[in-house]
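Have a look at the sequence and the fold before reading on.

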Amino acid sequence: TNIATAMGQAYADSVPMLVISSVNRRAELGLGHGHLHELPSQRGLSAGLTAFSHTLMRPDELPELLARAFTLFRCARPRPVHIEIPTDVLLEPADHLELPPRPLPAPPGPSSEAIAETAALIAASRRVLLLGGGGAVAAAAEFRALAERLGAAVALSSNARGLLPPEHPLLVDGVQLGSRGAALYDEAELVLAVGTELGETDYDPWVLGPLRLRAPLVRIDLDPLQVAGANPARVGIVADARLALRALLEALPPAAPADWARTRVAELNAELRAAHGAAERRFAVLLETVRDALPAPIVVGDSTQPVYQGTYSYRAPSPRSWFNASTGFGALGYGLPAAIGARLAQPGRPVAALVGDGGLQFTLAELAAAREDGVGVIVLLWNNRGYGEIRDYMRGRDIAPVGVDIGAPDFGRIAEGFGVAAHAAADRAELAALLGRFAATRVPVLIELDAERFA
């Protein structure tokens, strides 16, 4: 149960995650006799957070179960998989098992009929809107090639940031569907969505209601249930994004891209940036400082105000370099442990966790884990002394704030108690200097940013 929240976040973000847990002895399952750690059904608890959950009743089942899990990770929409092993099964011999990994099938490719139908729709459209989601991150080259071939306006979900480089002229800030951005959706003659569930936290940060498209919709997705989702697709392509985009590029004739997107994207981005208030501009500066002061950084955002701004405006330098835990499941405190995982997976890249003082208190003890294992994650603490976003929401609606002005501890002293160096940055210049100093750190470091004074 300690890992359930992390499984929920991974489920929402389509992250492959293999969870192996113990469970009570086979003869004790489901009896309710009060054994240590007993639940009515541990599998039942995890069922809603996983692609599948299985109780291993014999060691001989393990090779098949692992092959099923990794086949799902490779060939379907990735979700967590849970395998629980009763404590008496853990004691059984397993020397006889065939342990070499089994060959995995290739991910599915697109049907030629669907590709031909999509190519015909593109040929009849001068205004194409291309929506990229996390399911397209392994197809960055193909995605960019298609965008430039079509001259399409491009909006990227949080998990797709970096599919186009930051200054690309076809890239819309964020995934704007607000009062200004909605015009782009209305003007499009064709919408092509690649690897995205079209969720409200991706395409409707204002939560204005379901995404409504006037133009025909083409969806490319590994998950057939997404293709048949709330927004009906004129053409549904159930396939790996890279294979589908390659096939589509081959089916399209060479043609001069339309001028509509470059002009409208430039106009829209200018309108969006002009509408930013002082707080939004300050958050954008913070994010850009982190991006530009570190070499090829991975930025992991928790649920905190600067990260919310990143939903609107952050332009990541490359795919898989921006993770925003405030979308999808939205688990407070997930940023720090997720950043530790990112650093373990990418030890040669700097990893910055941008976390608020409220969120950090959920997982503050993970600083000790990072210190003990020598994981050099940079923790950027945005300290507004409470749950600032919720507090502002309450005040903006004449609701008396309650439960949001939490007591903030001395984070620097706590970090030092864990053996983690603590620093403070008062402005952009000090932050950039500290980031440059710790870009290659091999131990965790905490940099505190005072929300009232940081400029």
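## A buried pair to start with

Asp173 makes a salt bridge with Arg315, and the closest N and O atoms sit 2.8 Å apart. (A salt bridge here is a side-chain nitrogen of Lys or Arg within 4 Å of a carboxyl oxygen of Asp or Glu.) Asp173 is in the loop between β5 and α7, while Arg315 is in the loop between α13 (305-313) and β10 (322-324), so this pair ties together parts that are 142 residues apart in sequence. Asp173 and Arg315 are both buried; buried means under 20% relative accessible area, exposed means over 50%, and partly exposed is in between (1.4 Å probe, protein chains only).

A word on where this comes from: it's a predicted model, so local features need pLDDT of at least 70 and side-chain atom pairs count only at pLDDT 80 or more, while totals for chains, interfaces and linings use all residues. Residues are numbered from 1 along each chain as its sequence is written, and side-chain values use heavy atoms, with hydrogens and water left out.

The structure holds 19 salt bridges. Asp173 turns up in another of them: Arg273 bridges to Asp173, with the closest N and O atoms 2.8 Å apart. That pair links distant parts of the chain, since Arg273 is in helix α11 (residues 260-274) and Asp173 is in the loop between β5 (153-156) and α7 (182-187), 100 residues apart. (Helices, H or I of at least four residues, and strands, E of at least two, are DSSP runs numbered from the N terminus.) How accessible are the two partners? Arg273 counts as partly exposed at 43% relative accessibility, whereas Asp173 counts as buried at 3%.

Then there's Asp450 with Arg385, whose side chains meet in a salt bridge at 2.7 Å, N to O. Asp450 belongs to strand β14 (residues 445-450) and Arg385 to the loop between β12 (377-383) and α17 (388-396), so the pair ties together parts 65 residues apart in sequence. Asp450 counts as buried at 13% relative accessibility, and Arg385 as partly exposed at 33%.

## Two cavities

There are two cavities of 30 Å³ or more. On a 1 Å grid over the protein atoms alone, a cavity is a set of points where a 1.4 Å probe fits but cannot get out, and lining residues have an atom within 4 Å of a point. The largest cavity holds about 60 Å³ of space. Ten residues line the largest cavity, and the closest to its centre are Leu156, Arg161, Leu171, Tyr314 and Arg315.

The second largest cavity has a volume of about 40 Å³. Its lining is Ala284, Leu287, Glu288, Arg291, Ser313, Tyr314 and Arg315. Helix α12 (residues 278-293) gives the largest share of that lining, four residues.

β1, β3 and β2 form an open sheet of three strands in the order β1-β3-β2, with parallel pairing; two strands pair if DSSP finds at least two bridges between them. The edge strands, β1 (17-23) and β2 (52-55), each pair on one side only. Seven bridges join β1 to β3 (residues 80-86), and Leu18 stands opposite Val81 in β3.

Pro40 lies in the loop between β1 and α2 (42-47). Pro40 is exposed, with a relative accessible area of 74%.

Notes:
1 Å grid on protein atoms, 1.4 Å probe; cavity = no way out; pocket = protein on both sides within 12 Å on 5 of 7 lines; lining within 4 Å. Points joined across faces, edges and corners; volume = space filled by probe spheres on them.
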